[in-house]
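My notes follow in the order in which I worked.

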Amino acid sequence: MSSKVVFKKSATAAGGWSALWSCAQALMQSTSLISGIKTALKVNQPDGFAGPGAAFASSSPSPSIAVCENGVKALASEMTEKRVTEAFFQEYTVSELRTFSDFDLEDQGRLTVPLRYNKITDRYNEISWADAFKEIGAELRALKKRGDGVFYTSGRISNEAAFLYQLLGRILGVTSFPSSTDFGHEASGIALEEAIGTRQGTVRLEDFEKADAIFVFGLNPGTTHPLMMPLLRDAAARGAQVVSFNPLKECGMERFSDPHSRLELMRFGSSPVASHFFTPKPGGDMAAVRGMAKAIFAWDYERILTHSILDRVFIDENCGGFEEFEKIAELTTWKEIEDQSGLTRDQIEAAALIYVQADRPIITWGTGICQHKHSVATIREFMNLLFLRGKVCKAGAGAAPISGNINSSGLHRMGVTSHPSETFLDRLQQVFNFEAETQGGAQAAETVKLMNERKLRVFFGLGGNFARAAPDTQLTEHALRQCRLTVNIASKLNRTHLMTGALSYILPCLGHSEVDIQRTGEQMVSIEDMFSKLHGSTGVNQPAAEGLMSEPAIISALARATMGNKHVNWSAFLDDYDVIREKIEEVVPELIGLNTKIRTPEGFTVPHAVSLRQWKTAKGRAEFSSYSLPLATVAQKASKASKLTFILQGLRSPEQFNTSIYKFEDRYRGVYASRKVVFVNPADMRRAGLAPGDTVDITNASDDKRQRKLLDFQVVPFNTPPGCIASYFPEVNAVLPAESVADQSGTPTAKSIAVTLSKSRRRA
């Protein structure tokens, strides 16, 4: 990777020819363009497979490519013709591989054979599947004698794999089942469950086509969810108000050129998206929404004798806690709101006016909301705003958390969580006749601490790249290396595989696009999208290598080698995935008929009690919250520190999907050839004595006496809020303390990292 950044003119719109060309390059570099396009035509189709990219995808049939830029690049990465064999590991020791960049590791290609780490030679060697299962099984059987383990999961895996994975772990006594959701939208699940009794949002995909106002908080869909862009563009075209709340004004929210529109491409045209932009301070969204509610209360008082702005019938019939919220909104001063949000009262009232004038408003949000200390409280504030006007159970209106991975919702429904419900555990125990541990386990960030303390001695990773996704990179890597056993099921090599325990194994698996044939024939898996719709996924390409196993098959075979078929017929699961789904139906009653329903062209939507105004909360009502605003956000604290103290937030480029990096460029921000950049407000640059292109060191400003530093990052002028800087995830995780997590959810606070900038002693 070049260390010298190249500046070019930023793109003026998301999508368009640049997105098509970037996708074509990705396909041509990995496989042939024709085979890539043929496979892409099967993505998210009834006779195809679920795309391996972002979660925002329609599961409805489409005659054209139903995959976005993210999905095409993830697919191209999966279809690469490069292969990693044992010969590669004979060429490099694990210590040498740790010097490779993350890009270079994944760029080696698809893993092809099971591997076992040899601590003496510091190399991975090929091992047979049978021997791998036998050895890992012996270690897992001894798990309780050495302490607990952690079963980590990526949100990209299927429901069938997720269900078997947690079943295996729970029979072994494991309680810690963190997932990629812990790093992203766990706060959404907790807040929604408290407010309305379900972890899922209330909005379906078709609601975006009916909304007359869409409020987008902490989300940059042009980069992270390109398939969302046509919906926002179409909403704006029909006159809906699209309102952006984001510390950074992203070009994707300004204009969009649809790569699927031939007419727009021929004209080199683009369409406006957001009608209004508000740039709060990092973590200031809660205060901004509190201000909107405060304005609505004031206007309602003024018009109480003629027409109420509030939906008092909805509130009286469905909600609890209204009086407490009304009181705390009244007691919150406008000075507090303005100081914390970074917005003026006029700006907040303008946003409130758009909201009250809308008949069908949607509030949608991303990790820009979830990765703050008070994230759960902020999302509860969104729900308060929707409750005030009864906009939760109405077509075209409601709450829409936008998650990053294709099956984040499915993971929790399948029981992949450190805190399952009593109902789920009871059913699981009844169906499989065993006694599960009822005490909750650790969230993802907490496992880093526990592994370092050797209280968790086994790390089992089903997909993902924990070493890069987790906070406090150096501490996380050290934690993994303290384990007795590390096992990773993966399709490509990544950093986590190099953080070896005393015993370490890599088990290669099939990709989403590849045919999975077991004893009873070709198999199908299921995926649940962010709108609670489940659909089948059947691969179409030949496996990357002979002998590759699917994730459900690996887990079933490993479980059989670990405990036999005495209590669970793992052999039946291995032979026929319909048998897995039959057991899922027994444990998860809302999925009765799963085997039949996922074979229908459009899949099926899981029934949503909220649509019937049934609230499965503790009190059986939709619950207002009455959180006080934080005494001070991290941004407020930093503003009172030295002139070189800033709030750093992690962001993504269009050339990455989560921790996977495809190119070292960001055409939307005009940065090429390097990711070692930090975006700084020009006024802050002058205040700190910095010039464009200067190299700086970024040092965490926490007081725990542990040094966390990023070296030689180049300064790029960008229109960030004063005191706010930004750089790329996952690199910023190196300066994010593992203990800096959100209240209740335990999510790392990757959007509000207090750091200092200092000029580098050496030139990049």
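Entry 1: I worked throughout on a predicted model. I began with Asp578, which is partly exposed at a relative accessible area of 21%. Since the buried class ends under 20%, I recorded Asp578 as partly exposed. I then looked up its partner and found that the side chains of Asp578 and Arg599 meet in a salt bridge, with 3.0 Å from N to O. Asp578 belongs to helix H28 (residues 577-587), whereas Arg599 sits in the loop between helix H29 (594-597) and strand E23 (604-605), so the pair ties together parts that are 21 residues apart in sequence. For Arg599 I noted a relative accessible area of 44%, again partly exposed.

Entry 2: Within it I examined Arg468 and Asp102, which form a salt bridge whose closest N and O atoms are 2.8 Å apart. Arg468 lies in helix H24 (residues 466-469) and Asp102 in helix H6 (residues 102-106), so this contact ties together parts that are 366 residues apart in sequence. Arg468 is buried, its relative accessible area being 12%.

**Entry 3: two loops.** I turned to Lys391 and Asp359, whose side chains meet in a salt bridge at 3.6 Å, N to O. I located Lys391 in the loop between helix H20 (375-388) and strand E15 (398-401), and Asp359 in the loop between helix H18 (345-357) and strand E14 (361-365), so the pair ties together parts that are 32 residues apart in sequence. Lys391 counts as buried at 5% relative accessibility, while Asp359 is partly exposed at 33%. I then searched the whole structure, and the search returned 35 salt bridges.

**Entry 4: the largest pocket.** What volume does the largest pocket have? I noted about 930 Å³. Its lining comprises 33 residues, and those closest to the pocket centre are Glu193, His412, Arg413, Ser421 and Glu590. Finally I sorted the lining by residue class and recorded 11 nonpolar, 15 polar and seven charged residues.

Conventions:
Residues numbered from 1 in each chain as written. Predicted model: local features only at pLDDT ≥ 70, side-chain atom pairs only at ≥ 80, totals over all residues. Heavy atoms only, no water. 1 Å grid on protein atoms, 1.4 Å probe; cavity = no way out; pocket = protein on both sides within 12 Å on 5 of 7 lines; lining within 4 Å. Points joined across faces, edges and corners; volume = space filled by probe spheres on them. Nonpolar A, V, L, I, M, F, W, Y, C, P; charged D, E, K, R; others polar. Salt bridge = Lys/Arg side-chain N within 4 Å of Asp/Glu carboxyl O. Helix = DSSP H or I, 4+ residues; strand = E, 2+ residues; numbered from the N terminus. Buried < 20%, exposed > 50% of the residue type's maximum accessible area, 1.4 Å probe, protein only.
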